[in-house]
Amino acid sequence: MSFKSKHYINKNKEIEVIEIFNKNSFAKIILNQGASLDVLLLNNSIIIKNLSPLSYKETYASAILFPFASRIKDGKYSYKNKQYQLSINEPQRNNAIHGLLYNKVFTIEEEILNKNSAKLVLTYDETKSSLGFPYLYKVKLEYILTEDNLSLTAHFTNTSNSTFPFTYGWHPYFYSENLLKSTLQFKPTQKIVFNEQMISKEFKNIQNEKKITINNKVLDDCYKLKDPKILFSTPKYQLEINTTSRDNYLQIYTPSNTNSVAIEPVSGVSDSFNNKISLKELKPGGSYSVKWNLHVITHL
């Protein structure tokens, strides 16, 4: 069965949707929620599931994080001797969080559907500078879905006349039919210690590969990785998460009352605009690309 697509507007939920699918694989992307991946099936296994009754505004589920991943303390930062104030969208801790793309409206630039894969190219062009981030940029996302794999490539281009700072990341939540019997395996070099505002305070060295059994743990942790590969094992499938990023950190978060865990590959730590840890700069006309890949191995 060749891949197909469906594009529609759900007025009740106020979302604009594009779906790509074949008999065994399915991806649902919400265009007016930052082109976030709402549902994913690979080899008939549910990999990503809508987190309802939790809302997208609470979870930022599958949001692309740019121009900053994680948090900026009090929404304030200094760049090239100028002070900026971002909007506070985590009022309980008085932080700016998860970048500026999560509520943007992406448009469909290209669809390529064939027997073995489906490719979507989605774009957002920021043409209005804000007080907190007075720069213009374009984002192009390429989703490619196959029977057992989904890749997401993000291209960030500076279309303004000034250099700007950035980090990036992705915020997917992965579903397991039994989190008590699910594990997360990765190779860290350090664990980031947070203050009460969830802002990076210090780094603690870690020597050994880490394997976390999710159980009923309440997790909101960040690690610097030696190797970008992450393995999420559930009773039904094993998922390999990988990236082309040169700077690799892993944020893990367990929301309440769901069977999902956020496994977030990010390129920097919280408050990166101030502490400058792994902070990058993009010159006028410059572009930067990163690819995240999900490959599922279904258990027999």
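Buried means under 20% relative accessible area, exposed over 50%, and partly exposed in between (1.4 Å probe, protein chains only). This is a predicted model: local features need pLDDT of at least 70, side-chain atom pairs count only at pLDDT 80 or more, and totals for chains, interfaces and linings use all residues. Residues are numbered from 1 along each chain as its sequence is written, and side-chain values use heavy atoms, with hydrogens and water left out.

**View 1. The whole protein chain.** Buried residues account for 53% of the 300 residues. The secondary structure comprises two helices and 26 strands; these are DSSP runs (helices H or I, at least four residues; strands E, at least two), numbered from the N terminus. Along its principal axes the C-alpha trace spans about 55 × 45 × 35 Å. Contact means heavy atoms within 4.5 Å. Of the contacts between residues at least 6 apart in sequence, 65% join residues at least 24 apart.

**View 2. Phe174 in the largest nonpolar core.** A nonpolar core is a set of buried Ala, Val, Leu, Ile, Met, Phe, Trp, Tyr and Cys residues joined through side-chain atoms within 4.5 Å. The largest one has 67 residues, and Leu40 and Phe174 touch the most other members. Leaving out residues up to four places away in sequence, Phe174 touches several residues, among them Ile47, Ile48, Phe232, Tyr237 and Leu294. A second, separate core of 14 residues includes Leu65, Ile192, Cys222 and Val269.

View 3. Two strands pair if DSSP finds at least two bridges between them. Strand 4 (residues 36–42) runs antiparallel to strand 5, joined by three bridges. Leu40 stands opposite Ile48 in strand 5.

View 4. His171 sits in strand 16 (residues 169–171). Buried or exposed: which describes His171? His171 counts as buried, because its relative accessibility is 2%. Apart from residues up to four places away in sequence, His171 touches residues including Thr59, Tyr60, Leu65, His98 and Glu264.

**View 5. Val218 in a loop.** Val218 lies between strand 20 (210–213) and strand 21 (220–233). Val218 is exposed, with a relative accessible area of 77%. Ile30 is 188 residues from Val218 along the chain, and their C-alpha atoms are separated by 28 Å.
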